[in-house]
Amino acid sequence: MSRPFRFGVSLIAPATAAEWAARCRRAEELGYDVITVADHLGMPAPFPSLVAAAAATERPRLGTFVLNSGFWNPALLAREVATTDALTGGRLELGLGTGYVAAEHETAGLPWGTPRERVDHLLRTVEEVKRFLGPDGPLHRGTPWPGGKAPGSPAGGPPRVPLLIGANGDRMLRIAAEHADIAAFTGARTGRNGALEPLTATELDERVALHRKASAAREEPAELNLLIQIVAVTDDRSASVRPWLPRLPQLTEREVLELPVVLIGTVEQIADQVRGLRERYGFSYLTVLEPNLEAFAPVVGALRGR
């Protein structure tokens, strides 16, 4: 049985306290289920931003989407998670990834390392954070979640913060299959120059199939998330996609329109595309970037919770 839809927005622009609160309230008014913050230098710091978002809103869950694990010491991260979860009333969802921007690590004076080293560090971070926050860990709060069991908590188990892992590579998908409550697919790979290159529909089929195979022994499958890169509500799909073609010179116009991370068309057409993403891949949780907050809102209104 398909999961009901959830929709998130990733807020990425720095703001004053008043501007940030207004933006979060607007996301709530538009029906978004999750307000998330990324973890890039030059963007808002994740945890204080989520605490401020909680103060400005009542309903949406609040997530890191996603933390660059190389920026974080696991013990100190666990402290941030425990405190933020408490201050947001149990609304936190912890999203982790390896990071993909080497320049940010260099600017921060942190090692970048090899792909294997970055994945090793992410796995250690996941294991250590779960240990610190687990029922026998030094940072376990043990307080009940508002409304009962937390999303992602095992039946009869202690309440905990749901874990999202952003993944695309083979090993990361296997780690997500073992540890994540939410498996977030980037829908892209890191190219030779460090830029993200979108996956075709067929390539994403293969990535999801690998994750499902690795998850076969799980009692409850993870929720599947996809980050949408382009949203345009229009009657002229061709005209709307044309400005993006120079950024994707390896793809034709038709191929760009068929990318899973691209939603272009009328509200009805985009809603059909979103249903298709759930039917084909199992994506019931979609996240859009802040510039698409308003454009995607009619689709959220049409499909949220269905």
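First, the ground rules. This is a predicted model, where local features need pLDDT of at least 70, side-chain atom pairs count only at pLDDT 80 or more, and totals for chains, interfaces and linings use all residues. Residues are numbered from 1 along each chain as its sequence is written, and side-chain values use heavy atoms, leaving out hydrogens and water.

Let's start with the fold. The protein chain has 11 helices and 13 strands; these are DSSP runs, H or I of at least four residues for helices and E of at least two for strands, numbered from the N terminus. Its radius of gyration is 19 Å, close to the 19 Å from the globule rule for 306 residues, so the chain is as compact as a globular protein of that length. That radius is taken over C-alpha atoms, and the rule is 2.2 Å times the number of residues to the power 0.38. Along the principal axes, the C-alpha atoms fill a box of roughly 55 × 40 × 40 Å.

What share of the 306 residues counts as buried? The figure is 51%, with buried meaning under 20% relative accessible area, exposed over 50%, and partly exposed in between (1.4 Å probe, protein chains only).
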